[in-house]
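Thanks for coming, everyone. Please bring up the structure and keep the sequence beside it. I'll go site by site.

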Amino acid sequence: MKKLSKFVDTRIGFFTLLVVLFWLKTLFAYFTDFKLGAEGIFQYLILLINPLPVTALIYSIAFYFKRARFFYPVLMGLDIANTLLLYLNVIYYREFTDFMTIATMTGYSKVNQGLSGSSLALTNVHDLFYWLDIVIIIILMLMRKIHFDPRAISSKLAFAFTSMSLTLFGINLSFAEMSRPQLLTRTFDRTYIVKYLGIDAFTGYDVVKSQHISKMRQSATKSELLKVKKFTDKHYASPNPKMFGIAKGRNVIVIHLESFQQFLIDKKVNGQEVTPFLNSLYHGKDTYAFDNFFHQVGQGKTSDAENMLETSTFGLPQGSLFATLGSDNTFQGAPAILNQRAGYTSAVFHGNVASFWNRNNVYKNLGYQYFFDASYYDTSGDKATGYGLKDKLLFKNSVNYLQNLQQPFYTKFITVTNHFPYSLDDEDKDPNFQTTNTGNTTVDNYFVTAHYLDQSLAEFFAYLQKTGLDKDSVVMIYGDHYGISNSENKALATALDRNPDDWTDFDNSQLQRVPLMFVIPGSGSHGGIYHQYGGEVDVLPTLLHLLGISTKRYIQFGTDLFSSHHNQVVAFRNRDFVTPRFSNIGGTIYDNKTGKIAKLTEKQKKRLKKDREFVNTELSLSDSLNEKNLLRFYHPKGFKAVNPANYNYSNGLKREKRIEKKLGNKSTSIFSKNGNRSTVDDYTTDAPEQNHSSTDSNRIKITNPDGNNK
Ligand code: GP9
Ligand code: MN
């Protein structure tokens, strides 16, 4: 004890004491207030060590102050500031299940998620623990139980401490990258950064990022907007009169097929179809399907796909647009357009936590009225896999919320079960389905989860048919991006009856096809499989035209796939591109027919040069639009800017019911139209988990749920 107090009386000792105490407080927060979802020994190890390097780094600043009367106040000041940052995050987390960003701290964020008076009411008795050490230390100092050490630390030693902390941080960072590649470039979720690097590192990272963004925004001018507008106006494709409005007034049900590639359609494995239900839709007479439709995502994966489909602008060259810009950007996207032009109610159903991909903020800026996230579903026990509620349960348990929405509605179901690493509990596997035996577990499992996803869709469609909802709706189904990455495509080659040794970059690029289908029962005789080339950025104008809503006034980079003016040059996010005739991959031009390097005529060369210029221009202009937030300067006719402060995703069901009640017999919800009777019993699922009661409290809880799902 004596030895210890003697040690604390030295500057290094006092420094060590504060670092260790702060480390303990952070761990306390990690395990009590935050839910960081660490799994496995390696992640726990990273979690345990991550507060140390940055704390030591920050506190080592005090060593550069030679005089005791500066050293001690500076060190204590740093400790108090650091504790305050931790503590504010604890309180913020209790309200928003998210961490504070610079934008939220400075109140700059339009989403209005700063700490409010009510958040301060969220204090807890155990919060004492965050401040107790500081109070005790100050008292001990005042009572002269802790002595000031007059001996200064040499600059050399101070520097040694700083560099040692930096090295430790480097090690921490490389561990983090090993466990979660591209952690900082992709920024999936703020929780992930805190889990791997700690709050201080997260805040530092956020400072750098937000400074970069605000610089770009300040430099933005209206003339840049005009440049973008000129380009999109020039490439606008007028609707195909045969298709315009064929789904007018219908509900829109968007189904996001996670990691689902086109090659799964009609694919047989051991003589069995992998996705028999989707295949039947694909060939159905009421379906408008596309077989040369490509995903165009970058590092933002799912969120990039969502951004393209909702706004017809591209994701960013690095990172996720949702995560980096989505909290503040001005969007003129599907939910707001449909609401303002045709009175649509909008909702998203997704069984993962709301903070993933920053959806909780972005959806408000898009104008989504409801977001049923994991907190609305029972995700306990075996009901969820890594990314949330299993698909069969998502569809089944969403009906309870879907049936109370006013029609027409624009809804999106984001599935998750077919997500890497494609693991599925045995109880969910179809015993009659035998997957491949390629020797690559990713590939073999992929067919299994895709098969499960297909079954979940079949159940959902049965409900739509039973309730007659199918006839009042257009169901739009799309795959968000590849599931098998290029590095594993050689293993996939055998399953596709191809020789892995002949596999080329061209083959990789062709596998970036994903499904796109519009299912519109009774819409006429134009159903079928369309072969035009297109990408995710083309979906919004296509959909709006089907609904009879003109798009000319909006800034959209895609064009209507059914239009005779549709441009078939499909840009990938890395500036490669595909056209009906050629594919430009990594600077090499391939002939699509032969898959070999193309021998080009002068005319073709010229054409491709133009295409390349087009791709470069559209990507740069989309980046400039989004990075500089240029849409804030643009006011399309009749469009009222979305105010995110008007949206709140808690108590969704209560809000739906309140509106139903207010409208009385004018209410158009499925529930009201069904004579105020629930349609939940019209839903049949064979999901084995639904009756499993679980005592584990591992329920994902983000917003305030209604707590009422049958
Ligand atoms: C999680 C999900 C997955 O909520 O949408 O996103 P991804 O990893 O595919 O980008
Ligand atoms: Mn995805």
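Is aspartate 591 buried or exposed? Aspartate 591 is buried, at 12% relative accessibility, because the cut-off for buried is under 20%. Before I go on, remember that this is a predicted model.

So what does aspartate 591 pair with? Its side chain meets arginine 581 in a salt bridge, 3.5 Å from N to O. Arginine 581 lies in the loop between β16 (577-578) and β17 (582-585), and aspartate 591 lies in strand β18 (residues 588-591), so the pair ties together parts that are 10 residues apart in sequence. The arginine end is partly exposed, at 38% relative accessibility.

Let me stay with charges. Side chains of opposite charge can pair when their charged atoms come close. The count here comes to 25 salt bridges. Take lysine 229 and aspartate 233. Their side chains meet at 2.8 Å, N to O. They are separated by about one helical turn, because they sit four residues apart in helix α13 (residues 222-235). Lysine 229 is buried, with a relative accessible area of 18%. Aspartate 233 is partly exposed, at 38%.

Next, helix α24. Glutamate 613 and lysine 609 form a salt bridge there, 3.9 Å from N to O. These two residues are four apart in α24 (residues 602-627), so about one helical turn separates them. Glutamate 613 is partly exposed, with 42% relative accessible area. There is also a network of salt bridges. It links Lys390, Asp425, Glu427, Asp428 and Glu689.

Glutamate 258 and threonine 302 link distant parts of the chain, 44 residues apart. The glutamate is in the loop between β1 (251-257) and β2 (268-269), while the threonine is in helix α15 (residues 301-311). Glutamate 258 counts as buried at 2% relative accessibility, and threonine 302 counts as buried at 7%.

On to backbone geometry. Most residues other than glycine have a negative phi, and most peptide bonds are trans. Here are some exceptions. A cis peptide bond joins glutamine 407 and proline 408, with omega about 0 degrees. Proline 408 sits in the loop between α19 (391-402) and β10 (409-414). The bond from phenylalanine 420 to proline 421 is also cis, with omega near 5 degrees. Proline 421 lies in the loop between β10 and α20 (441-467). Tyrosine 422 is found in the loop between β10 and α20 too. Its phi is positive, about 55 degrees, although it is not a glycine. Tyrosine 422 is buried, at 2% relative accessibility.

Tryptophan 357 has a positive phi of about 55 degrees as well, and it is not a glycine. Look for it in the loop between β6 (345-350) and α18 (359-366). Tryptophan 357 is buried, with a relative accessible area of 3%.

Helix α2 (residues 11-32) has 22 residues. From first C-alpha to last, α2 reaches 31 Å, close to the expected 32 Å. Its buried residues include Phe14, Phe15, Leu18 and Phe22.

Helix α5 (residues 68-96) has 29 residues and reaches 41 Å, close to the 42 Å expected. Threonine 97 follows α5, and its phi is positive, near 50 degrees. Tyrosine 92 is in α5 and is buried, at 1% relative accessibility. The C-alpha atoms of tyrosine 92 and threonine 104 are separated by 9.9 Å, with the two residues 12 apart along the chain.

Last stop, the surface. What makes up the nonpolar surface patch of about 490 Å²? Ile61, Tyr64, Phe65, Phe70 and Phe159 do. Phenylalanine 70 belongs to α5. It is partly exposed, with a relative accessible area of 40%.

That's my tour. Questions, please.

Technical notes. Residues are numbered from 1 along each chain as its sequence is written. Chains are lettered from A and ligands numbered from 1 in the order in which they are written. This is a predicted model: local features need pLDDT of at least 70, side-chain atom pairs count only at pLDDT 80 or more; totals for chains, interfaces and linings use all residues. Side-chain values use heavy atoms; hydrogens and water are left out. Buried means under 20% relative accessible area, exposed over 50%, partly exposed in between (1.4 Å probe, protein chains only). Patches are made of residues with over 30% relative accessible area and no salt bridge: like charges are joined within 9 Å, nonpolar side chains (Val, Leu, Ile, Met, Phe, Trp, Tyr) within 5 Å. Accessible areas come from the Shrake-Rupley method with a 1.4 Å probe; for residues, only the protein chains shown count as cover. A salt bridge is a side-chain nitrogen of Lys or Arg within 4 Å of a carboxyl oxygen of Asp or Glu. The expected span of a helix is 1.5 Å times one less than its number of residues.
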